[in-house]
Structures are given as structure tokens and as C-alpha cells.
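Biologist: I would like to learn how to read the aromatic rings and the backbone of a protein model. Could we go through one together, feature by feature?

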Amino acid sequence: MYKTSITTFSSILSNPIEYLKGVGPQRGDMLRKELAIFTFNDLLNHFPYRHIDKTQVLKIKDITPQTEFVQIAGRLSETSLMGEKKGKRLVASLEDETGDVELVWFQGINWVQKILKEGERYLVYGRVSFFMGRAQITHPEIELIDANEAKGKNFLEPVYPTTEKLKARGLSGRAIGKLSIKLFELLSEKDIPEILPASIIEKYRLLNRYLSYRQIHFPENNELYLQAVRRLKFEELFLSQLRLGMLRSERHHFSRGVIFEKVGNTFNEFYNHHLPFQLTNAQKRVLKEIRKDTGSGRQMNRLLQGDVGSGKTIVALLAMLLAIDNGYQCCMMAPTEILAQQHYQSISELIKGLPVNVKLLTGSSKSAERKKTLMQLAEGEINILIGTHALIEEEVKFKNLGLAIIDEQHRFGVEQRSRLWKKNEVLPHVLVMTATPIPRTLAMTAYGDLDYSVMDEMPPGRKPVKTVHRFDRNRPQVMDFIKEEIAKGRQAYIIFPLIEESEKLNYENLMKGYEEVKAFFPEPKYWISMVHGKQTQQVKDENMRRFVTGDTQIMVSTTVIEVGVNVPNASVMVIESAEKFGLSQLHQLRGRVGRGSEQSFCILLTGSKLTNDARERLKIMTATNNGFEIAEKDLELRGPGEIEGTKQSGVLNFKLASVVADKPILEVARNEVERLLEEDQEISSAENLLLKSYLLSQKGKTVWSKIS
Ligand code: ADP
Ligand code: MG
């Protein structure tokens, strides 16, 4: 059985595409360049995006203004050129025995004119519109009806994704279908053998693999088509989960990680005498998980999901103290300078009086200072190094790195994460912390090789932030409200959006905003800090410092302030042009307030014209404070490609499946993979042999292999 499978997987499907009848070297070249179709197998996996129902040919008289797409058959009566310049168009009339419609082309007129033959019969497909009471189809798909062929045309004809260049070479979406037909003439069931375990096929009543491929290209009916799609989606998600699961399982069983054997003095001293509050149960649970991982002898690779303000920093610190007590160094990497600095300050503050040496290393560290830090690091004198991307540079060498913490993971790529691993002979433990929650399905697919912890509990005594939506015209009232809060001793943020396209616009926008704010809050009664991307580090720092120490009452800023900054006394967050922000960003910004025990407020200011999506976002923000809920909504609204951190990971490029629409399939696939790996870790049981040989045959072909 094993042998046959190996031969089948290297079968005819690996033939270069140009060897397929009807392709040849030139078209082969085009298919490679335009659609990345290199082999027969690639063509097999180039799925149609829709099918034309050849069984449904409408009579022209039955077209109504409600008709959306039609297929009609008739004789082409006359073609003529009309209009001039931009209005120039080719118009033809198609008539059957019940009436006629107009066909219109604005583009490719010369070419279309050349191939259309008046008096011939055509099959026409397209979107109907009505113009001056007459039905017309603009840029229809049109095909000469071959009298000999006509009878056999009773099926759902596939239309494939293609490109303009390919169309010009005669490889339209329908023409590619002719190649698929040629391909399937060569294939039999043994070329597309089943790879999923029989028990799973049975349990979920999945269509067999060969049939699924046939039916997705050339469905006999809609029901079979849907079954084929479902099976192939399942396969796709199952295989991706399996690859991640294997990485996870390999690490659990075979990786060698540094061992934190004991809980030592520094940890205990801190825990018993310096901890400024009681840990929440969620924090304790996660610490236990970390302790278990790091004591196991295997490398820890854990994703810690916690909502904004759930208290991830202290967990990170305790984990680092554990490492230090066991003789190891730690590092903590943050996505921005400001955040790295804040971590540095708050951690230095927390460990005051303990024998722990903390240093900061960022892109703007002075070179003499930097040299010294690097030397001390290599000699093992530094216990905790906090910094930005600068930490993963080649020249940063630890004596014995035992734990790497990555805060606000979604700005780091998978590749950067793996560069940290290489900083020690034995793999250091890695703890990845998200800034705001990411939806479970995304976490499963983008970080599925990591173990997973959730902190779903807020520290006690927090009052949920009250969130309201106000229009620009209400700004004076909003400013008055800020004044009241300041009078109570509180502080406020006013945030302006970053406009992606133009730094200059950002700057002008912010300056204008700043002047307006200043008019409401004149010195010397009020003092304002301002932070933006164009300032030097020194100026930024000074402005931050003044706000943190309460020297200024208002912080005007772009989103550079977004992540992680902690000023518990701030109780108002005003977000200007809130309609321009995404949900997770709004939630992250809102998380800057509500960090103390006072009631806090988030005010979303917008213009009066709002898109439906923007309205929906505002509605969600005012309805809930729960970051996990918001993350799910965000995914629904924007789709996976737009969620930060998943774009660059490249792992969401599924051919058929969607992590949004196919969530239920994904969950099932994940469960089945977990069960499989538990029962048959090596994937070597008889039932899983085909699966194993398939995986081996695919090794190195997928983006997944780049992760490990
Ligand atoms: P995030 O998870 O967003 O990184 P932080 O670690 O910055 O959150 O914590 C937010 C605030 O909550 C900080 O001021 C921190 O001191 C405080 N905090 C953390 N854990 C607790 C706790 N168990 N009890 C009370 N306050 C806590
Ligand atoms: Mg944080």
C-alpha cells in the first residue's frame, strides 16, 4: 500500500504543463508566468470560480428588469460602431424566435469586431441591464454555437480565473476549461487517491477525493458541487492544521529547551514583598502553564492572548525572574521605542531593590552606550534586556539566553520570531503576547504551531470604560467635559488618525488639531504634551515624561501612542475622525484609559457622513468592552487579509477555505488533527499511511515549511 502511494503521488500530475495537449511551449510559458501553473497538478488545483448553467437557456422575451444574469441563444443580426472617443462602442443585436437584445462592447472593439460573424448563432452569457426600456448585455461572454456540438452541451460549464494577457492568447476563462477537460481525460482514480483516514471520511460523510476534484471542475449538479467544495475545503484546512500540529508535537516531544528547575530567591522575594497587587486567577493560571513548560526540558513556544489591560506585563516579569533564578538571561522585545522605554521604566520600577540588572537597547541607543551594553550582555552581566527590533540583530549576543518575550506580537513576523530562537545553543523559551486579542480561528491558523494561553479576566476594581459616539459639531461639549475631568485631577488623550498615504497631511492635520485644542485649553492653566512621528526621540521622550508625571494634563498624539502606554491617571480618550480607524485599533486606543480605579471615558468623534461599515464599527465599540468579541467582529467586517500580523505571515492564503466563512470546518479539522496526533503521533498507523506519504511528497512545496 505504501509503495503504490509513492508511485501515484509522483504520477502524471507532476508533468510540466506544456506537455498537456493544447498547451505547448508558448502557452505553457504564459500559464507559468500569469497563473503560476507549472504542472498538471497545478492545473488540477486551478479551480473554476463559477459555472455557466448550460441547461438554462432563457427565451429573450422572458428577460425582465429583475433578471440579473442570463444565458441566451440566438442569431447575431447586425453589428455597428456608434459614438465617438470615450463613448465609442460596438453594438450588436442578438435575436431568437421571441425577441432581441442588444450586446455592447466598449473595449477591445477591433478584436471583437473581427471575430463576430453576422448571421451566425451564438450562445451569450452576461449581466443584463435595461437602457431606454431595452434589455442589453455589456461585455457578454459570447461563443459560436457549433451545430455538431450543441447537443452535448448540457452541463455546468466551468469558468476559470484568468488574466487579460492569457485572454489575448486565447486562454479565456472558458478556454482553460477545455484544458481541464483534456487533463481529466488522462486521469483516473489512482492518480488522485484518497489521503484522508477512512474513519474521518466516514464520520463527516466526505465525498471521495477523486470525485471531489472531478465535481468541482465539472459538476453533475449543484448538490455534488457543494459536496466537492466542502470536502476539498476540509482537506485544505485539515492539512494545514496537521502541519502546524506536527510542528507543535515535534517540539513537545523532541525539542531540547533550557530547563528552569526551581523557583528561586529573586522570584520569591519579588512575589512576597514587591508585588503591588494580588494576581488574578487568570494570571496565576498562565504562570503555572509557563512554569510547567519551562521545567519540562522542551522548548516553550506559547502565545499569550489577553485583552488590553489584563495585566500581561507582570506575568512576563515573573516568568523572567524565574529564568534569572535559574541562571539565564532574558529579553523582551516591543514593537516601538516608546513602548520599549515604558517597559524598561515600569520593570525597573517594579524590581527596585532586587539584584536584577535591566538594560534598554533600541535603534537610537548611542553607540558608546550600545557597545557597553552589548559587551555586558555577552558577558552575562545583564539579566534582562528590553528593546525593539534592534534585539534581533546579528551583533546582539547573549551569554545564555533562556527566555525571549515578544510583546504585541502582531507587529512581528513569524520569521523574526524564529530569529530569536537562534540566539542560544539550546533553544530559549519563547513567550509571545498579543496587544489585543486575535480571533481564535486566526490564532489557530496563523500561530497554530504555538501553545495557547488566554487571560480572560481583568484585574479587580476596574470600571469598564464608558464609550460614546459624538459628531464633530459637538466638539465644544466634549472639550468642556475634558475640563471637568481635569478639574478632578484626571488627564486626557486626544488622538488624531494616521493617514497612510501622506506623512505631510498627517503632520498638518495634527498641527491643526493641536492649535484647536490649545484654543480650548490655554496656558498656563493647562499644559499639553504632543507626540508624533516626526519628533526626535528626545522630544518624544520629554513629552511622554511630562504626561506620565502629570506635568501636562493633555496628550495630543497620532497613533504612535497606541500600544501599551500606561498612565493610570488618564481617564478620557478622545479619538478624532474615529471613522478612519479599524476596530482593533480603536479598542487598543481605548485601552489606554480605564487603567486606574476611576471611571474612564472614550469619546469617538466623527464627521456626519459615515459609511455602513464605519457605523457598524462605532456601534460595536459603544456596545462592548470585550476585546475577544471585538476581534471576532473585526474579522467578520474586514476579512482575514486585513488583520494585522496575518498578512505578512502568508499562512492564510487558502485556495478554497475562508477562516471566516468556514470556521465550523476549521474547528472540526483542528479537533480531528489533535485526536490524530494524540493517537498516532508519528502518523504511521495503517489508516494514516496514505496521509503520511502524501505529506512527504509535499514537503518543501508549501509556505508552511518556511515556518519551522
Ligand atoms: P496589558 O495586558 O495591556 O499589557 P498591563 O500589563 O500594562 O496590561 O497592565 C495594566 C495595568 O493593570 C497596569 O497598571 C498594571 O499594574 C495593572 N495590573 C496588572 N495586574 C493586576 C492585578 N492582578 N491587580 C491589579 N492591577 C493589576
Ligand atoms: Mg502591554
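Modeller: What follows takes the backbone and then the rings. This is a predicted model, in which local features need pLDDT of at least 70, side-chain atom pairs count only at pLDDT 80 or more, and totals for chains, interfaces and linings use all residues. Residues are numbered from 1 along each chain as its sequence is written, chains are lettered from A and ligands numbered from 1 in the order in which they are written, and side-chain values use heavy atoms, with hydrogens and water left out.

Biologist: Which residues are joined by a cis peptide bond?

Modeller: The cis bond joins Glu523 and Pro524, with omega about 0°. Pro524 is found in the loop between α18 (503-520) and β18 (528-531), where helices (H or I, at least four residues) and strands (E, at least two) are DSSP runs, numbered from the N terminus.

Biologist: What is the phi of Arg205, and is Arg205 buried or exposed?

Modeller: Its phi is near 45°, a positive value in a residue other than glycine, and Arg205 is found in the loop between α7 (198-203) and α8 (209-217). Buried means under 20% relative accessible area, exposed over 50%, and partly exposed in between, with a 1.4 Å probe and protein chains only. Arg205 has 68% relative accessibility, so Arg205 counts as exposed. Ser577, also not a glycine, has a positive phi of about 45°, and Ser577 lies in the loop between β20 (570-575) and α20 (583-590).

Biologist: How is a pair of aromatic rings described, and how many aromatic pairs are there here?

Modeller: A pair is described by the distance of the centres and the angle of the planes. Rings of Phe, Tyr and Trp (its six-membered ring) pair if their centres lie within 6.5 Å, and planes under 30 degrees apart count as stacked, over 60 as edge-to-face and the rest as tilted. By this rule the count comes to 10 aromatic pairs. One of them is the tilted pair of Phe47 and Tyr213, at 6.1 Å centre to centre with 35° between the planes. This pair links distant parts of the chain, since Phe47 is in the loop between α3 (40-44) and β1 (50-53) and Tyr213 is in helix α8, 166 residues apart. Phe47 counts as buried because its relative accessibility is 11%, and Tyr213, at 5%, counts as buried too.
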